[in-house]
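Welcome! Have a look at the model below, and then let us walk through one of its chains together, strand by strand.

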Amino acid sequence: MIELSPEHIRLLREPNLAHVATLMKDGRPQTSPVWVDFDGTHVLINTATGRQKPRNIERDPRVALSIVDREWTQRYVEIRGFVVEVTTEGAFEHYAMLARKYAGPDAKPREVPGESRLIVRIEPEHVTGMNLGPRPA
Amino acid sequence: MGIPLSAGAKRILDKHNFAHIATIMPDGSPQVSPMWVYRHGDEVMISTGVDRQKTRNIKRDNRVAISISDIDQPFPPVQIRGRVVEIITGEAAVDGFVEVTKKYTGNEPANRPPAAERVVYRIEADSVVAPNE
């Protein structure tokens with residue numbers, strides 16, 4: 001398990017979108033933007049049952065993410081790793097927290113009938129990127 | 001033969017949005033990185049340096065996925081799955097670098113890089129999901 005730097009963590013904690021890649025059944029990549037978060041150890045994304053992403057992750061837990069700094073777009077981080085846990089526990093509350101982070105304090109999470117939210121916990125194995133020193137003032 | 005890009009996909013591709021392109025590593029795991037992108041008709045064009053992991057990945061397995069969120073309205077995004085049908089090299093690749101630099105910065109690049117350093121991926125779409133417009 002690798003250690004993320006304070007600037008990697010800052011990119012994860014600020015409201016930057018992450019584009020996450022998973023593997024389709026035939027080994028092709030799939031990618032989509034997601035809200036992202038960091039719990040001190042793992043990178044967390046939130047998805048929902050019935051989507052392509054959780055199906056792919058269940059079959060093959062290897063994933064990759066790329067995140068551009070919205071404040072300074074010449075800076076980005078790329079993370080490769082694997083999913084260590086997918087859980088419904090606390091997942092709606094986590095989704096609501098992400099809605100506030102990305103859409104503002106009054107944002108209401110969207111409830112879709114028949115769908116359960118999922119927290120996907122990712123262990124980073126490899127990190128690279130550009131301009132990952134402190135952001136200039 | 002690829003499929004056409006929809007109007008919503010073209011609109012978001014033509015703005016100053018990052019394309020996040022996923023390729024397959026030698027061990028079969030995914031890799032994804034943000035790139036500048038431009039468009040020729042229904043083909044998605046990506047200009048990059050020649051000596052990149054992504055280029056090595058594409059030479060081994062040309063299947064790619066691209067997602068793009070519009071900076072003004074991130075959801076729903078554009079999601080494209082497709083294939084790199086050509087890795088353009090030489091002066092044509094430098095022309096691609098000039099074209100994408102003008103698109104994103106409004107200016108010609110300060111220097112024309114050596115042809116040996118640049119490639120352009122020419123991508124045909126096999127599936128396109130985009131805002132309906």
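In chain B, strand S1 and strand S5 pair in the antiparallel sense over 3 bridges; here strands pair if DSSP finds at least two bridges between them. Within S5(B), B:Ala65 is the bridge partner of B:Ala22. Helices (H or I, at least four residues) and strands (E, at least two) are DSSP runs, numbered from the N terminus.

This is a predicted model, in which local features need pLDDT of at least 70 and side-chain atom pairs count only at pLDDT 80 or more, while totals for chains, interfaces and linings use all residues. Residues are numbered from 1 along each chain as its sequence is written, and chains are lettered from A and ligands numbered from 1 in the order in which they are written.

- Of the 6 residues in S1(B), 6 are buried; a residue is buried if 20 or more other C-beta atoms lie within 10 Å of its own, exposed if 12 or fewer, and partly exposed in between, with C-beta atoms placed from the backbone.
- In a regular strand the side chains alternate between the two faces of the sheet.
- B:Ala19, B:Ile21 and B:Thr23 point one way from S1(B), while B:His20, B:Ala22 and B:Ile24 point the other way.
- S1(B) also pairs with S2(B), in the antiparallel sense, over 6 bridges, and B:His20 has B:Pro34 in S2(B) as its bridge partner.
- The hairpin of S1(B) and S2(B) has 5 residues between the strands, and B:Gly28 takes a positive phi near 90° there.

**The whole sheet**

- Seven strands of chain B form an open sheet in the order S2-S1-S5-S6-S7-S4-S3, with antiparallel pairing.
- At the edges are S2 (30–35) and S3 (38–40) of chain B, each pairing on one side only.
- From one strand to the next, the twist averages 35°.
- S5 (residues 63–70) and S6 (residues 73–88) of chain B run antiparallel and are joined by 7 bridges, and B:Ile66 has B:Ile80 in S6(B) as its bridge partner.

**Helices against the sheet**

- Helix H3 (residues 91–105) of chain B packs on the sheet, touching S3, S4, S6 and S7 of chain B, and its direction makes about 65° with that of S7(B).
- Axes are lines fitted to C-alpha atoms, for helices over the stretch in contact, and angles run from 0 to 180 degrees between N-to-C directions.
- Which residues of helix H1 (residues 7–14) of chain B are buried? They are B:Ala9, B:Ile12 and B:Leu13.
- Seen down the axis, the buried residues of H1(B) fall within an arc of 100°, so they line one face of the helix; the arc is that of the directions from the helix axis to the C-beta atoms.
- B:Ala7 and B:Asp14, on the other side of H1(B), are exposed.
- The cover over the buried residues of H1(B) includes S3, S4, S5, S6 and S7 of chain B.

**Meeting chain A**

- The contact takes 22 residues from chain B and 21 residues from chain A; two residues are in contact if their C-beta atoms, placed from the backbone, lie within 7 Å.
- S1, S2, S5 and S6 of chain B are the elements that give two or more residues to the side touching chain A.
- S5(B) gives the largest share of that side, 6 residues.

**Chain B overall**

- Chain B has 3 helices and 7 strands, running α-β-β-β-β-α-β-β-α-β from the N terminus on.
- Buried residues make up 41% of the 133 residues in chain B.
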